[in-house]
Amino acid sequence: MTGPREQFRPPDHPNDHFLLTTVVGSYPKPTWQDRARELFEDPDADFDRQAWEEANDDAARLIVDEHERAGIDAVTDGEMRRTEMVEFFADRIEGYERNGRVKVWGHNYFDKPSVHREVEYGDSWLVDEYEFTSGVATHPVKVPITGPYTLASWAFNEAYEDDAALAVALADVVNAEIEQLVDAGARYIQIDEAALATTPEDHAIVGDCLERIVDGLPEDVYVGLHVCYGDYSRIYPEILEFPVDEFDLELNNGDYDQLEVFREPTFTKNLGFGAVDVHTAEAESVAEIKANIRRALEIVPPERLTISPDCGIKLLPREVAYGKLENMVQAAREIEAELDDGTVEATAPASGAAD
C-alpha cells in the first residue's frame, strides 16, 4: 500500500496489515506544570518566562515519551503549551481580542473572544511547537489546529457581515500557518472543527474553508478533519466531498449508534475511529477495544482505518489516559495479526479512496 498514510507505518511494523494509531490531540498535563503556570502568572513569584518555557519543554518531552511508550504511531505533545482550543489561537491571530468569560453550561465558563477587525496572519503559532516535538520524538508527529469554522462560530463577530465571511477569511489565515508547518516538515495535519456537527446546514461553509486550507499543499501531506460529537446525519454524505484524507469522528460517546449513518452511501474516505471513551475514568480492556475496532471494519477496510481515542483526553487522570492508549495500541496490533491470519475479516466495502 502506498500513499500519504503509509508514511506513518513504522519500519519494523510486525504485521502485514497496518491500523494507524494516534491521538486526537490533548492529554492530561502533569500536576507540576499547572503549578508552574500559576507561578508564571503570579506577579509576586520569582518565576520568569524562561522558567515557564523550560517547564513546557519538560512537559512536552514527558508526554511524547508516554505516547511512544504506549506504542502510538503518530504522536503529539499532548498540547502541553496550549490552553483552550479557541482561546489559544485567538491570542495569536491579529484581529481577535479577549473580553472575559461567558457561561457555557452549569459551572463551566469559556473566555469567548471577539473579532473586532479584519483578521490577519502575523507570527507563526505552532511551528516552534512542532519543531520541538519532532526533535524529541522518534515517531511521526501529528499537528492539530483549530479550524476556521469553529474559530468563527465560537467568537463574537464584530467585523464581518456574517460568520461565513469570517470563516472564509480565517481559512486563508489557517492556510498560511499550515504552509509554515509543512515547510518545517509536518506531514500529518488535523483540522479540528468541533462545531461542525452541532450546527445544521453549515457543511458547505466548512467545505469552502477546507478548499482554501489545502490549496497548494504537497500531495504527501496527510490531512484529517476531527469533528466532535453531534448529529452526523446533518453533514453526511455531503462531507465526502471535503478535500481531506481522513475524518476523525467521536463515535464511542454514543455507543456507536451513529455508525449506521455512514453505511449508506458507502464511506469513501479514511476513518479516524474513536475506539475508547474519553468520558470514562477507567481504561477499557484490550478485548473491549478489539470489539469496538471490529465494528469499524464494517464501515471501512483496514487500509483506511485509523484508531484513536474519541476526542482529546486532557480531562482524564493521567494514569487512566495512558492505560487507554496502551490497551488501544495492543488491541490494534492484535486485530492486525488476526486480519493477517484470517481470524478476523473486514466486511466493509473495499471500494473508495484509500490513503
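In the chain, 76% of the contacts with a separation of 6 or more join residues 24 or more positions apart, a contact being a pair of heavy atoms within 4.5 Å. The model is predicted, so that local features need pLDDT of at least 70 and side-chain atom pairs count only at pLDDT 80 or more, whereas totals for chains, interfaces and linings use all residues. Residues are numbered from 1 along each chain as its sequence is written, and side-chain values use heavy atoms, with hydrogens and water left out.

The chain contains nine helices and 12 strands, taken as DSSP runs numbered from the N terminus (helices H or I, at least four residues; strands E, at least two). Its radius of gyration is 20 Å, close to the 20 Å that the globule rule gives for 355 residues, so the chain is as compact as a globular protein of that length; the radius is taken over C-alpha atoms, and the rule is 2.2 Å times the number of residues to the power 0.38. Of the 355 residues, 55% count as buried, that is, under 20% relative accessible area with a 1.4 Å probe and protein chains only.

The axes of helix α8 (residues 286-296) and helix α9 (residues 318-341) come within 8 Å and cross at roughly 55°, the axes being lines fitted to C-alpha atoms over the stretch in contact and the angles running from 0 to 180 degrees between N-to-C directions. The contact is made by V286, I289, K290, I293 and R294 of α8, and on α9 by residues including K324, M328 and E338.

Note on methods
Buried means under 20% relative accessible area, exposed over 50%, partly exposed in between (1.4 Å probe, protein chains only).
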